[in-house]
Amino acid sequence: MLRLCALAALLAATPTLARDITVEAGPNAQERLQGALLDAKPGDVVRIGAGRFELTDGLSLDVRGVTVRGAGPDKTVLSFKGQLGAGEGLLVTSDDVVLRDFAVEDSKGDGIKSKGADRIVYKNVRVEWTGGPKASNGAYGVYPVESSDVLIDGVTVKGASDAGIYVGQSNKIIVRNSTAMFNVAGIEIENSGHADVHDNLATHNTGGILVFDLPALPRRGEGHVSVRNNKVVDNDTPNFAPKGNTVATVPTGTGVLIMAENDVLVANNELSGNGTANIMVVAYRQPFEDKGYDPLPRNITIQPNKHGRAGFAPAMPGGVQLAAALGGTLPPIFWDGTGGAEVKLVVNDSVPVLSLGLALGAPIETARPDMPKLAGAAPAPLPPVKLSDAMEAAAR
């Protein structure tokens, strides 16, 4: 009897063998695909075959340790053009999930959202609104939020009415080798900490790469964000965000925008064709009641970048008049000047910086334009963001 009990305990402790659950395109795709996501167990791979899956409702996954894998982002397409509700295309709420090699098109809400999902990998995924930039498009393409350990690698997003690739209220983040086009914000790191955004292409967005810290959110940003080795060019799409959204204020033609975040490095990027500015550093200027919120950007370092044409079509308030006064264009780097020396902005770049010298909350008419010399000793390098070997293996 004792031996039988011990054997039963051993069997109960042994994980179920991982399975491949294959779902092919065809009739009843909605029920079959959602059924596979519900039936999956930790370690399983849900394999979505090549073809177009016409879906009428959002999908959800709440099982840890599952891989969802298609045949490629141009071969496996989850189309939500016929979606009846307004939610996400795919919602993930479990840890240790890998999403790879498929596309999500025309979701009514966000393309793929993961919430509270730690150690999540987005690999070789495409999210697109095929009708082009429209305010009625979903807000976010890929949208991990409230998570730790996030890897976004080889992702493409087009047409998001807020941000194409967005990571919010999270920690330990890598965004690499990805493309954001025709979104309002191409790539956005918001109220997060310890992020490395590198080797991406952000083009034809309203703004290319945004690093924000906003008030009245459950988590405040911890900063330590590196923006390096990216190509941020020709961000010229008119802002199509719904009115009232924070990104609705982003000027068309913004390359890299840092607002109210601390310990940010911008280095070794290719920046050109951004009509307002290649790099903008600004305070949060809207009224707020969050007593613990700091609206100033702090400890911002701009190391050498490769600058092309910029400032030729400034879309910020008063920008056209200011450019005319400066000979027709604005310098590639713009600072609102709020906070003065308290901000600790160090610019070791080879191009001029325009400062407006604005007080917090003051209107643009009170600006005192200046071109200060902000070069100085660079601070210690930001600590590297290292994710687990298992996450890196899943992205290969």
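R52 forms a salt bridge with E105, with 2.9 Å between the closest N and O atoms, where a salt bridge means a side-chain nitrogen of Lys or Arg within 4 Å of a carboxyl oxygen of Asp or Glu. R52 lies in strand 3 (residues 51–54) and E105 in strand 9, so the pair ties together parts that are 53 residues apart in sequence; strands here are DSSP runs of E with at least two residues, helices are runs of H or I with at least four residues, and both are numbered from the N terminus. The model is a predicted one, in which local features need pLDDT of at least 70 and side-chain atom pairs count only at pLDDT 80 or more, whereas totals for chains, interfaces and linings use all residues. Residues are numbered from 1 along each chain as its sequence is written, and side-chain values use heavy atoms, with hydrogens and water left out.

**Salt bridges**

- By the rule stated above, the count comes to 22 salt bridges.
- R176 forms a salt bridge with E392, the closest N and O atoms being 2.8 Å apart.
- Because R176 lies in strand 17 (residues 171–176) and E392 in helix 4 (residues 389–394), this pair ties together parts that are 216 residues apart in sequence.
- R176 is buried, with a relative accessible area of 14%, while E392 counts as partly exposed at 22% relative accessibility.
- Salt bridges that share partners join R52, E54, D74, E105, R126 and E128 into one network.

**Surroundings of E105**

- E105 is found in strand 9, which covers residues 103–105.
- Leaving aside neighbours within four places in sequence, E105 is in contact with R52, V77, L78, S79, F80, K81, R126, E128 and T130, contact meaning heavy atoms within 4.5 Å.

**Other individual positions**

- E31 lies in helix 2 (residues 29–39) and is exposed, with a relative accessible area of 54%.
- E31 and L59 are 28 residues apart in sequence, and their C-alpha atoms are 9.7 Å apart in space.
- A378 lies in the loop between strand 33 (353–355) and helix 4, and at 40% relative accessibility A378 counts as partly exposed.
- Not counting residues up to four places away in sequence, A378 touches Q303 and N348.
- The C-alpha atoms of A378 and L61 are separated by 44 Å, the two residues being 317 apart along the chain.

**Backbone angles**

- Most residues other than glycine have a negative phi.
- D199, a residue other than glycine, has a positive phi near 60°; D199 lies in the loop between strand 20 (193–198) and strand 21 (201–203) and counts as partly exposed at 37% relative accessibility.
- K344 likewise has a positive phi, of about 60°, although it is not a glycine.
- K344 is placed in the loop between strand 31 (333–335) and strand 32 (345–347), and at 53% relative accessibility K344 counts as exposed.

**The protein as a whole**

- The protein has four helices and 33 strands, and buried residues make up 55% of its 396 residues.
- With 396 residues, a compact globule would have a radius of gyration near 21 Å, and the 23 Å of the protein agrees with this; the radius is taken over C-alpha atoms, and the globule rule is 2.2 Å times the number of residues to the power 0.38.
- Along its principal axes, the C-alpha trace of the protein spans about 85 × 50 × 40 Å.
- Among contacts between residues at least 6 apart in sequence, 61% join residues at least 24 apart.
- The protein exposes about 16400 Å², of which carbon and sulfur atoms supply 55%, with accessible areas coming from the Shrake-Rupley method with a 1.4 Å probe and, for residues, with only the protein chains shown counting as cover.

Notes. Buried means under 20% relative accessible area, exposed over 50%, partly exposed in between (1.4 Å probe, protein chains only).
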